[in-house]
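Thanks for passing this one along. Here are my notes, with the model itself shown first.

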Amino acid sequence: MDTNIQSDELVIITGLDTGQEDYDYSMVELAELAQANHMDVVHRVDQVIDRPNPATYFGKGKVQEIGDVAAANHATTIITNDELTPSQLRNLEEETSCRILDRTALILEIFATRAQTKEAKLQVQIAELQYRLPRLQTSASQRLDQQTGGGSGFTNRGAGETKLEMDRRTIQYQITHLRHELAAIAKSEKTKRKQRAKSEIPTAALVGYTNSGKSTIMNGLVKRYGKVEDKTVFEKDMLFATLDTSVRRMTLPGQKEFLLSDTVGFVSKLPTQLVESFKSTLAEAANADLLIQVIDYSDPHYEEMMATTRKTLKQIGIHDIPMVNVFNKADKTEIEFPVLEGDDQIVISAKQGASLELLVDVIRKHLFKDYVQTKLLVPFADGQVVSYLNEHSNILDTEYQNDGTLLTVEAAPQDYQRFAKYEVKS
Ligand SMILES: Nc1nc2c(ncn2[C@@H]2O[C@H](COP(=O)(O)OP(=O)(O)OP(=O)(O)O)[C@@H](O)[C@H]2O)c(=O)[nH]1
Ligand SMILES: [Mg+2]
């Protein structure tokens, strides 16, 4: 995928500062979102105000200023920091003669260009249609149809309304159709997850803010503990590099296996239309035994990002899963690393081997804490049990005795139960 295509689209970003704590940070992020959508931000306009103007979002004078700034900078698109109401969108478009893209539409555009799998594409299409549905009548050409065009105004308005209703019905029909398609895919994904659950391999999921380093950690671990043929995942300094979930099997020394999934990143003010699609994309995380929250420790706003991650996980119904916090990109700070702070916090750089080793120790402690160390005396006649354990457990010692093979093993709880009849009580 070539992500270096630069579009010449010049844009200005605009925001209403109503005193919210994270205003500045959300504006910086808005510019990054625009860049991620291959846009060139040429100017920023802010307005400090108690509450948005219901008709035009910004105050009257500000709307004029924004239009002038856009014209002076040859910008044809104006991006707003909040989702606008359909009438605000329409009015601003009319008064500035520019395309207005609100934060939600911008995020949806990014998702639409990045979606790779059929599932991700369907999710984004549904979200886009949901966004368009209440905004249908805002299309300028259609309003023109309604207002002009000889004959009686009444007849024309009637015709316009009918077209609008038709468009609405078409979109609703499309949404229903796409949802069915998505449900079919989700079902097969669910079956795959069930099969994995049956194999009882513990699972961990990387979650966290976009651009925090989840995919970099995934790739670092795949290189060390994955299968040779495993593909690396896409990592890049860009918001929403990853949209699809990938799962890789890791094998740690001592035959300890676990599945690691890399998921879509979060962002503040996640459009509600995307929350549903996040739910199915993050089903892997919802079923994980451990969440690994990756945090960009070098970003001055990392605490807000952690709060957003917490909020989003709650919104999509993921709770009660143990979580470790991985403070990443410590190489870009003055902070010492890698450092373990208790069992649930670790400071690392995903680009450094020693960091990844320490991270794996943390994962190991959580995922394999129920492993049991025991001695099993397996009769020679049950040789297949010895080969199974050699493949699936950590054999600490093997001794051949007259009545069978005495193994000192560290095994998964289900294997321990399965072979408990061979246990030698000491
Ligand atoms: N200096 C430094 N850069 C890092 C580190 N970890 C990741 N990066 C860089 O940060 C950028 C984002 O990394 P990704 O792994 O793509 O981030 P992500 O969390 O997967 O992002 P999304 O897929 O957008 O959610 C890339 O340019 C990485 O090379 C680190 O420890 N130190
Ligand atoms: Mg990623």
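The points below go from the whole chain to the ligand and then to one residue.

1. **Ground rules.** Please keep in mind that this is a predicted model, in which local features need pLDDT of at least 70 and side-chain atom pairs count only at pLDDT 80 or more, while totals for chains, interfaces and linings use all residues. Residues are numbered from 1 along each chain as its sequence is written, chains are lettered from A and ligands numbered from 1 in the order in which they are written, and side-chain values use heavy atoms, with hydrogens and water left out.

2. **Overall build.** The chain holds 14 helices and 14 strands (DSSP runs numbered from the N terminus: H or I of at least four residues for helices, E of at least two for strands). Its C-alpha trace spans about 105 × 50 × 35 Å along the principal axes.

3. **Packing and surface.** Of the 426 residues, 46% are buried (under 20% relative accessible area, with a 1.4 Å probe and protein chains only). Among contacts (heavy atoms within 4.5 Å) with a separation of 6 or more, 67% join residues 24 or more positions apart.

4. **Charges.** I count 49 positive and 62 negative charges, whose mean positions are 6 Å apart. Lys and Arg count as positive and Asp and Glu as negative, leaving out His and the chain ends; each charge is placed at NZ of Lys, CZ of Arg, CG of Asp or CD of Glu.

5. **Ligand 1.** The shell around ligand 1 has 24 residues, and T210, K214, T216, A241 and T242 are the closest (a residue belongs if one of its heavy atoms lies within 4 Å). Helix 8 (residues 214–225) gives the largest share of this shell, 3 residues. Oxygen atoms of ligand 1 make polar contacts (pairs of N or O atoms within 3.5 Å) with a side-chain atom of K214 at 2.8 Å, a backbone atom of A350 at 2.9 Å and a side-chain atom of K351 at 3.0 Å. Taken alone, ligand 1 exposes 650 Å², of which the protein buries 92%.

6. **A288.** This residue sits in the loop between helix 10 (283–286) and strand 8 (290–296). Is A288 buried or exposed? A288 counts as buried because its relative accessibility is 9%. Leaving aside residues up to four places away in sequence, A288 touches T203, A204, A205 and I321. From A288 to P202 the C-alpha distance is 7.7 Å, though they are 86 residues apart in sequence.

Note on methods. Buried < 20%, exposed > 50% of the residue type's maximum accessible area, 1.4 Å probe, protein only. Polar contact = N/O pair within 3.5 Å; in protein donor to acceptor, adjacent residues only side chain to side chain. Areas by Shrake-Rupley, 256 points an atom, 1.4 Å probe, with all protein chains shown as cover.
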